[in-house]
Amino acid sequence: MELISKNAAKQSEILGSIEETSGEQIEEIVKIAHEAYEDWSLKDISERVNILRHVYDVLKDNSASIAELITKEMGKPITLAENEVRDTLKNILWNLDNAEEVLTPEITYEDDEQMQKVVYAPRGVSVVISPFNFPFSLSCAIGFQNMIVGNTVINKPDPNLPLLTELLDKLFRSTDLPKGVQQFVYGDREVGESLVNKDINMICFTGNTKTGEHLYKVAAEKMIPILMELGGSAPGIVCEDADVDKVIKGMYAKKFSTMGQLCHALKRLIVHESLFDKIVDSLKEIATSQVIGNPMDRDTTMGPLVNETQLNKLVEQLEDAKAKGAKIICGGNKPIEGENYFEPTIVINVTRDMRIWNEEVFGPILPIVSFKDEEEAIKLANDTIYGLGSYIYTTDASRFERISRRINSGMVGFNNVAYSAPYNPFGGTKRSGIGRTRGKWGLMYLCDIKTISYDKKI
């Protein structure tokens with residue numbers, strides 16, 4: 001079976017195709033990964049980091065080609081694709097620069113007779129399964145963290161971007177990274193299912209919650225650890241003292257960047273009734289000024305959704321809202337017939353039985369509701385099965401602290417200060433995942449923590 005690469009902006013244009021990885025190939029790939037682990041895991045971390053710096057250099061030298069394929073296959077405007085590549089390289093570099101210090105063995109107790117020490121040991125063969133929305137970041141950044149700690153990696157990126165996967169595969173192979181330390185497989189859900197049921201030691205998955213719940217069961221049956229960053233329905237609480245003019249552009253970007261296909265995007269806006277009309281009008285002004293078109297054009301701010309499946313689900317969610325009384329302030333249309341474009345859409349008169357409220361909306365639709373007091377805002381914010389990101393807009397720092405402690409999410413943003421950074425842990429609560437990526441917490445999560453006791457009398 002072949003994976004067909006289509007131009008996200010023009011579905012009739014075939015960019016190429018890649019043969020799907022067969023079951024026999026997966027067996028061999030897993031075998032090679034285990035063989036590579038025997039040597040890779042025993043190397044000193046400084047040696048692994050030095051080898052991986054060369055891989056980093058190769059990826060950096062090919063930044064333009066990587067960004068171009070992200071745009072062509074996924075539809076992200078080229079300026080945003082370039083940002084993804086640049087930010088991912090910064091993330092990788094932070095890990096290369098800081099891993100040795102983070103993973104330094106820790107002495108927990110010592111006297112004249114004994115010493116107790118904790119070391120961070122690699123786990124083995126780690127499978128990394130990543131989605132389409134940040135295809136370079138979510139495959140390579142987590143892959144690098146695994147390799148740094150001493151794991152070997154079998155990487156299965158999203159099947160919508162086979163040519164990007166092929167490019168990354170070739171780039172890794174062109175370096176002096178030992179054979180089997182990083183391997184790529186090509187395929188859809190069936191290939192992933194085959195892979196995770198092989199003799200592996202860890203699963204690292206980024207994607208939708210339904211698939212994550214299934215993989216959780218697979219990991220439980222195998223008694224192996226799993227790292228999952230799943231869906232989100234991040235609330236944004238706009239308090240009555242918010243500086244609207246200062247935060248409105250950032251607020252818009254937190255929802256509509258990458259065409260709303262962002263796990264921790266602002267997906268439910270909860271606005272104090274005194275600011276409701278101003279917020280709605282201001283967001284409408286920004287939304288209607290967007291340039292929708294060819295994502296390779298540097299003036300374009302809104303490209304297409306990745307595929308027809310994503311578009312159809314979005315339309316279904318909006319139709320459900322309209323049928324239940326929602327009002328569309330702007331957008332709601334497919335501006336280019338036959339392609340996967342969708343206008344930035346703002347919806348009010350939203351009720352809690354609507355799909356756009358209680359499901360993850362992975363596209364450019366923003367529901368906005370009002371609240372009267374802080375208690376109501378917090379209740380609305382926590383009215384979700386998810387708990388990835390959240391945002392609070394206020395000019396009162398003490399209010400921010402008070403509300404942030406009561407929001408059930410893994411990350412909270414204050415106004416336009418971003419929490420997504422290489423040195424911060426990234427992940428959520430409830431059905432938004434298990435474990436953390438990024439920062440020292442991401443590195444440590446990929447390790448087995450081993451206690452070693454020394455007899456100093458010998």
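# Pockets and salt bridges: worked exercises

The largest pocket has a volume of about 1400 Å³. The structure is a predicted model.

**Exercise 1.** State how many residues line the largest pocket, which lie nearest its centre, and which elements give two or more residues to the lining.

*Solution.*
- Step 1. The lining consists of 43 residues, and Phe132, Asp158, Arg189, Asn208 and Gln310 lie nearest the centre of the largest pocket.
- Step 2. Two or more lining residues come from each of these elements: strand E1 (2-7), helix H7 (189-196), strand E8 (202-206), helix H8 (209-222) and helix H11 (308-323).
- Step 3. H8 supplies the largest share, six residues.
- Step 4. Sorted by class, the lining of the largest pocket holds 14 nonpolar, 15 polar and 14 charged residues.

**Exercise 2.** Describe the second largest pocket by its volume and its lining.

*Solution.*
- Step 1. The second largest pocket contains about 930 Å³ of space.
- Step 2. It is lined by 36 residues, with Asp87, Phe134, Leu262, His264 and Ser420 the closest to its centre.
- Step 3. Helix H4 (78-102), helix H5 (137-149) and helix H9 (244-256) are the elements that give two or more residues to this lining.
- Step 4. With seven residues, H4 gives the most.
- Step 5. The lining of the second largest pocket divides into 15 nonpolar, 14 polar and seven charged residues.

**Exercise 3.** Decide whether Lys76 and Glu84, which form a salt bridge, are buried or exposed.

*Solution.*
- Step 1. The closest N and O atoms of Lys76 and Glu84 are 2.7 Å apart, and the cut-off for a salt bridge is 4 Å.
- Step 2. Buried means under 20% relative accessible area.
- Step 3. Lys76 has 1% relative accessibility, so Lys76 counts as buried.
- Step 4. Glu84 has 3% relative accessibility, so Glu84 is buried as well.

**Exercise 4.** Trace the salt bridges of Glu374 to Arg399 and to Arg402, and say which parts they tie together.

*Solution.*
- Step 1. Between Glu374 and Arg399 the closest N and O atoms are 3.6 Å apart.
- Step 2. Glu374 lies in helix H13 (residues 374-381) and Arg399 in helix H14 (residues 397-404), so this pair ties together parts 25 residues apart in sequence.
- Step 3. Arg399, at 15% relative accessibility, counts as buried.
- Step 4. The side chains of Glu374 and Arg402 also meet in a salt bridge, at 2.8 Å from N to O.
- Step 5. Arg402 is in helix H14 and Glu374 in helix H13, so the parts tied together here are 28 residues apart in sequence.
- Step 6. Arg402, at 35% relative accessibility, counts as partly exposed.
- Step 7. Glu374, Arg399 and Arg402 belong to a network of salt bridges that also links Glu240 and Asp241.

Notes: Residues are numbered from 1 along each chain as its sequence is written. This is a predicted model: local features need pLDDT of at least 70, side-chain atom pairs count only at pLDDT 80 or more; totals for chains, interfaces and linings use all residues. Side-chain values use heavy atoms; hydrogens and water are left out. On a 1 Å grid over the protein atoms alone, a cavity is a set of points where a 1.4 Å probe fits but cannot get out, and a pocket is an open set with protein on both sides within 12 Å along at least five of seven lines; lining residues have an atom within 4 Å of a point. Grid points are joined across faces, edges and corners, and a volume is the space filled by probe spheres set on the points. Helices (H or I, at least four residues) and strands (E, at least two) are DSSP runs, numbered from the N terminus. Ala, Val, Leu, Ile, Met, Phe, Trp, Tyr, Cys and Pro count as nonpolar, Asp, Glu, Lys and Arg as charged, and the others, Gly among them, as polar. Buried means under 20% relative accessible area, exposed over 50%, partly exposed in between (1.4 Å probe, protein chains only).
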